[in-house]
Amino acid sequence: MDFFENETRPERALLVELDTGEFDAQTSLDELYELVRSAGADPVLSVTQKRPSPETATCVGAGMMQEIASACGQNEIDLLVFDRELTPTQIRNIEEQSGVRTIDRTMLILDIFASRARTSEGKLQVELAQLKYMLPRLTGKGIAMSRLGGGIGTRGPGETKLETDRRHIRRRIESLTEQLRHVETRREQINRRRRKNGIITVALVGYTNAGKSTLMNTLTQAGVLAKDMLFATLDPTARALKLPDGTTVMLIDTVGLVRRLPHQLVESFKSTLEQAAQADIILNVCDASSPEAGEHLEVTGQLLAELGCREKPIIPVLNKCDLASGIDAIPAVRGAVRISAKNGDGIGRLLEEIEKNLPVKTIRVELLLPFSQSGLAARIRRDGAVFSEEYTENGLRLSAQVGPELLAAVKEYQIG
């Protein structure tokens, strides 16, 4: 379902917004512009119509449909993008009247996800979402199955092409679901091993394009793709982060959220979101320069609550403060940390907040280690924070910050 590949120039898209009062139409249209750009097309024009409900045949009214068809011809439009989910009948009718290929919001987001997924799990999740969306939309024409994971088997007596396609998709959905179940089992084993080894996890969550990947790179030099586009990151990335007090935590970057995310994707990516929910500390990152910043934080907070995170430490992080037009433009959020992941402002304060919310506290110790304990000294340097060290005639004198496990190992060498 990659709608924008193999083009010599970006496809020229006309965006259609139907305002029925269900949501803020202008805000949703602004986001649709960004989605279309992220997919590789050029949104050159948009139209909005207010109606109490979608028109059954073409979603918009007959008069608006004529205006859209005329605009397509006058502006060399290659693609119509509707900011809602369309039925197969509506798509067929719109294409017949406009002469232009038509997709809906869900098809657009699925296409972006398909082009961004890199890991095997991400690709499985996207394909599963695409097939679940496609299954009830099969028409009598049938569809080409070559891109959906294999050829069609021998047809039964009297079985039509459409029935064969449906049967193939259902089999593929069952196969993908089973593969994802194995992936989730492996991830749960990894999470159990992390908990057993006392590894603390910190998850980055928030709306897409809030700067989570840039923050990840700033903190850990992870080399994660960080671009000013929606859904630049789909696959969760985990990297070690050593805090100033010596504690090492596992920082996890997750898929971004967006308004009215297709339920097929929410269901398919649920395991990825649950991985964030299992973290010890959650950083709710938002774009402070966006007028919707407060709403973004609230919506993400509601999702985290639904995933059972009410009792976990959740730190609101207002990113891109360098882009906000004045201090009054930054939303006032209780307990929030203001940062710029791009230029490093506020990063020290953020690390302090993470340290304050650690489930396991560290302690500062003065030690005198015998020269025979060089291995223990190396372990302190690796797993703790060393403030000073001095070789004396009696051994190595260290001032360090250590966690409970290290504290037990060095207890007999404490001085002062």
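Two strands are taken to pair if DSSP finds at least two bridges between them. Helices (H or I, at least four residues) and strands (E, at least two) are DSSP runs, numbered from the N terminus. The model is a predicted one, in which local features need pLDDT of at least 70 and side-chain atom pairs count only at pLDDT 80 or more, while totals for chains, interfaces and linings use all residues. Residues are numbered from 1 along each chain as its sequence is written, and side-chain values use heavy atoms, with hydrogens and water left out.

An open sheet of six strands, with mixed pairing, runs in the order β6-β7-β5-β8-β9-β10. Its edges are formed by β6 (237-242) and β10 (337-338); each has a single partner strand, so one side of each is left without a neighbour in the sheet. Strand β9 (residues 314-319) pairs with β10 in the parallel sense, over two bridges. Within this part of the sheet, Leu 318 has Arg 338 of β10 as its bridge partner.

Helix α5 (residues 120-134) consists of 15 residues. From its first C-alpha to its last, α5 reaches 21 Å, close to the 21 Å expected at 1.5 Å a residue; the expected span is 1.5 Å times one less than the number of residues. Accessibility is classed by relative accessible area: buried means under 20%, exposed over 50%, and partly exposed in between (1.4 Å probe, protein chains only). Twelve of the 15 residues of α5 are buried, so the helix is largely enclosed by the rest of the structure. Among the buried residues are Glu 121, Gln 125, Glu 127 and Gln 130, as well as Leu 124, Leu 128, Leu 131 and Tyr 133.

In helix α1 (residues 25-39) lies Glu 34, which is partly exposed, with a relative accessible area of 34%. Glu 34 and Asn 209 are 175 residues apart along the chain, and their C-alpha atoms are separated by 10.0 Å.

Side chains of opposite charge can pair when their charged atoms come close. A salt bridge is defined as a side-chain nitrogen of Lys or Arg within 4 Å of a carboxyl oxygen of Asp or Glu, and a search of the whole structure finds eleven. In one of them, Arg 181 and Glu 178 have their closest N and O atoms 2.3 Å apart. These two residues are three apart in helix α6 (residues 161-196), and are thus separated by about one helical turn. Both are partly exposed, Arg 181 at 43% relative accessibility and Glu 178 at 34%. An α-helix has 3.6 residues a turn, so residues three or four places apart point the same way.

Another salt bridge joins Glu 353 to Arg 349, with the closest N and O atoms 2.7 Å apart. Both residues lie in helix α11 (residues 347-356), four residues apart, about one turn of the helix. Glu 353 is buried at 12% relative accessibility, whereas Arg 349 is partly exposed at 39%. In a further salt bridge, between Glu 389 and Arg 381, the closest N and O atoms are 3.0 Å apart. Salt bridges that share partners also join Glu 31, Asp 83 and Arg 105 into one network.

Rings of Phe, Tyr and Trp (its six-membered ring) are paired if their centres lie within 6.5 Å; planes under 30 degrees apart count as stacked, over 60 as edge-to-face and the rest as tilted. One aromatic pair is found in a search of the whole structure. The ring centres of Phe 371 and Tyr 391 are 6.4 Å apart and the planes are at 10°, so the pair is stacked. Phe 371 lies in the loop between β11 (363-369) and α12 (374-383) and Tyr 391 in strand β12 (residues 385-392), so the pair ties together parts that are 20 residues apart in sequence. Phe 371 is partly exposed at 49% relative accessibility, and Tyr 391 is exposed at 58%.

A charge is placed over a ring if NZ of Lys or CZ of Arg is within 6 Å of the ring centre and within 35 degrees of the ring normal. Arg 364 lies over the face of Phe 387, at 4.0 Å from the ring centre.

Most residues other than glycine have a negative phi. Cys 59, although not a glycine, has a positive phi of about 75°. Cys 59 is placed in the loop between β2 (42-50) and α2 (62-74) and is buried, at 1% relative accessibility. Glu 76, also not a glycine, has a positive phi of about 50°. Glu 76 is found in the loop between α2 and β3 (79-82) and is exposed, at 57% relative accessibility.
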